[in-house]
Structure formats: structure tokens, C-alpha cells
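Please keep the viewer open while you read.

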Amino acid sequence: MNQDSSDRPIELVAIINSFNRRSLLERAIASLTEALRGARFGSAIIVFEAGSNDGSVEFLKTWRENNPADNLTVIEASADRRSFSEGVNTACAEAIGRFPKCRWLFLYETDNCLTSAEPLDKAISLLQLEPQLVAAGFTVKQHDGKFFGYGMRFPTALSFALGQNLAGQLNLHAPNNSVWHTSEGIRWRTCDVVFTSPLLIRREAWEQSNGFDEKTFPFSDVDLDWAWRCAKLGWEMAVIASEGVVHDNRRQLSAWSANRAVDFHRNRFRLLKRHRGKHVALLKPFLFIRHWLEAMILAWKSATDPMAKEKLAKRKQMLRTVWSDYS
């Protein structure tokens with residue numbers, strides 16, 4: 001069983017953002033704590049609670065009271081700091097301040113599950129073996145065993161102009177086809193961006209990078225921006241071949257996803273301007289044409305598809321705002 005911090009120093013702190021997905025949260029906490037209790041290192045868990053009203057807070061507090069050895073801390077967000085990025089930054093700052101011997105920050109989401117501590121052991125070992133790695137993620141699957149995406153290459157202006165669906169069909173977002181390596185039995189490869197679901201981060205690299213840019217990227221693309229900034233600092237990201245990590249939201253989208261399409265375009269435009277250059281602004285006429293074509297298709301479908309009406313409203317919003325960087 002994982003020991004209390006008085007018996008063993010806390011070397012790893014799991015960071016979780018929670019917002020109105022209690023059923024997923026329950027499974028995530030159960031699998032995480034079971035894995036950490038059998039780990040070879042001291043651990044703690046910090047949950048940033050972003051204002052759930054579905055009983056998530058009550059569940060977390062009950063778990064903390066019933067399982068004190070899990071070292072679970074719940075941070076309840078203030079009304080003006082509830083974004084995903086603010087949650088991660090706040091929880092990581094709490095972890096570093098509360099546990100000075102913490103070496104690893106483990107970003108873990110409510111739609112993740114671990115079958116054992118083995119993936120974490122491998123990730124820690126790999127980061128110790130390969131000092132150029134800022135973080136390590138995992139090949140992940142859904143509960144039915146189907147493969148789920150673990151990362152991507154840095155996006156381009158072309159992939160943005162074409163749109164997510166067409167870019168995906170053309171494989172423009174596929175992870176880098178880097179060579180698989182084997183280090184002391186750990187099979188891994190580098191990748192431009194490994195998603196934070198889950199991701200083990202080297203503490204000193206997190207501090208060097210100043211964490212997530214919560215002001216510019218409160219939700220979408222914050223992980224891409226962080227990976228890109230780390231790459232400019234000379235770090236690399238790795239993905240470990242694993243059979244023991246699940247990423248599956250069971251079709252339960254977070255309330256954070258309500259404006260996903262508009263937020264994606266706003267933040268992807270900001271991301272490309274920051275890392276590809278201001279010439280990305282030349283894409284605006286092409287983006288306007290794409291949104292117009294999408295709106296025409298959705299208008300035709302909306303007569304029989306209620307979901308198309310909602311999507312059409314978002315496309316109209318993007319047609320109005322594309323010229324002002326989707327603001």
C-alpha cells in the first residue's frame with residue numbers, strides 16, 4: 001500500500017481537472033489510487049474542482065476522508081479561475097509548494113484509467129534514462145480495446161486551412177513517424193505533441209517552461225503550445241508503448257466542450273501565429289470560404305437534423321469573426 005508522506009517522500013503528484021463528469025471521475029480515481037498504492041514511490045493526488053454541480057465535490061471529499069493514505073487534496077476553484085489551463089497551473093503550483101521533493105507531475109484526466117503502476121514505473125525510468133525528454137505519455141486505448149490517438153505532429157497552416165476532418169483524412173495530424181527505440185526493455189518513440197491524457201512531466205522542465213499559458217490558451221491547444229515552447233527550449237516528448245492505459249470519455253463530453261468548434265479555431269489561429277509566424281493571417285480568405293461552404297452544407301442538413309442547426313449557428317459565428325482572429 002502507498003505509504004503516507006511521513007513514511008516516504010512524495011515524488012509524484014497526480015494532477016486532475018474535474019468538471020461535471022462524476023461517473024468518469026469515480027472510475028478514474030479508483031484506478032489511479034489502486035495503481036499508486038502499489039507503486040515504488042511516494043505519491044499524492046491534487047484535484048482542481050472547477051465548479052461541478054453533479055456531486056463530484058462530495059464524492060472527492062468522501063474519498064479523501066475514507067482513504068487518507070491516498071494523500072488526496074481538493075482545490076475548489078474561484079469563480080474567475082476555472083479554465084482547464086488555470087486548473088493545471090494551480091494544481092501543479094500546489095504540488096510543488098506542498099511537496100518539495102516532488103520530481104514528477106502526472107497530468108491525468110477524468111477519462112483516463114490505469115490497470116497498474118507499471119506504465120508510471122516505465123515513464124519514470126525512461127525520463128531518468130533520457131535526460132533530453134521533458135515528458136512521457138503512452139499509447140492508449142478505449143475500454144473496448146480500440147486504439148485511441150496519443151499525440152500529433154505540430155500543426156501547419158495547410159492543415160488548419162483544410163479543416164480538421166479533411167486534414168485528418170489526409171493524415172496531416174498523424175504523429176511523427178519517428179523510429180521506435182528500446183531502453184532497458186521500454187519501447188518508446190519521440191513525438192512533437194503527446195496529449196495530456198495522461199502525461200508524466202519532469203518537474204524542472206515544467207518550472208523552466210513556466211507551465212501552461214493560461215491567458216492565451218485557457219482551453220484548447222494549450223498542450224500544443226506548451227509542447228512547442230518546450231521544443232524551442234531543447235526538450236523532446238516521448239510516447240511509451242503500453243497496454244495498460246485507457247483514454248475513453250464514454251461519450252460524456254465535458255461542459256467545457258460546449259463551444260469547442262469556435263474555441264478550436266480561435267486558439268489554433270493564435271497557436272499558428274505564435275509558432276509559424278504572422279503570415280498565417282493570409283489564411284483568412286481561405287478560412288472564410290471553408291466556413292461558407294460548411295454553412296451551406298449544414299443549412300441543407302438542418303431541415304432534418306437538429307444537431308446540424310447548432311453547428312450551423314457556430315459556422316455563422318465563425319463567418320462573422322474570422323476577420324478579427326475569431327475574437
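1. Let me start with the term for charged pairs: a salt bridge is a side-chain nitrogen of Lys or Arg within 4 Å of a carboxyl oxygen of Asp or Glu. R40 and D121 make one through their side chains, at 3.0 Å from N to O. Because R40 lies in the loop between α1 (22-37) and β2 (42-49) and D121 in helix α4 (residues 118-129), the pair ties together parts that are 81 residues apart in sequence. Helices (H or I, at least four residues) and strands (E, at least two) are DSSP runs, numbered from the N terminus.

2. A word on the source: this is a predicted model, in which local features need pLDDT of at least 70 and side-chain atom pairs count only at pLDDT 80 or more, while totals for chains, interfaces and linings use all residues. Residues are numbered from 1 along each chain as its sequence is written, and side-chain values use heavy atoms, with hydrogens and water left out.

3. How exposed are the two partners from my opening point? R40 is partly exposed at 48% relative accessibility, and D121 is partly exposed too, at 21%. The classes are buried for under 20% relative accessible area, exposed for over 50%, and partly exposed in between (1.4 Å probe, protein chains only).

4. The structure holds 20 salt bridges. Another of them joins E214 to R81, with the closest N and O atoms 2.7 Å apart. E214 lies in the loop between α7 and α8, and R81 in the loop between β3 (72-76) and α3 (84-98), so this contact ties together parts that are 133 residues apart in sequence. R81 is partly exposed, at 29%.

5. On to the rings, where a search of the whole structure finds 12 aromatic pairs. Rings of Phe, Tyr and Trp (its six-membered ring) pair if their centres lie within 6.5 Å; planes under 30 degrees apart count as stacked, over 60 as edge-to-face and the rest as tilted. F147 and Y150 have ring centres 6.3 Å apart and planes at 85°, so they are edge-to-face. F147 is exposed at 59% relative accessibility, whereas Y150 is buried at 7%.

6. W206 and W226 form a tilted pair, 5.7 Å centre to centre with 45° between the planes. This pair links distant parts of the chain, since W206 sits in helix α7 (residues 203-209) and W226 in helix α8 (residues 222-232), 20 residues apart. W206 is buried at 5%, and W226 is buried at 1%. Together with F84 and F212, these two tryptophans form one aromatic cluster.

7. Finally, the cysteines: a search of the whole structure finds 0 disulfides, a disulfide being a pair of cysteine sulfur atoms within 2.5 Å. For C92, the nearest cysteine sulfur is that of C102, 8.4 Å away. C92 is buried, at 0% relative accessibility. For C230, the nearest cysteine sulfur is that of C92, 12 Å away, and C230 is buried at 1%.
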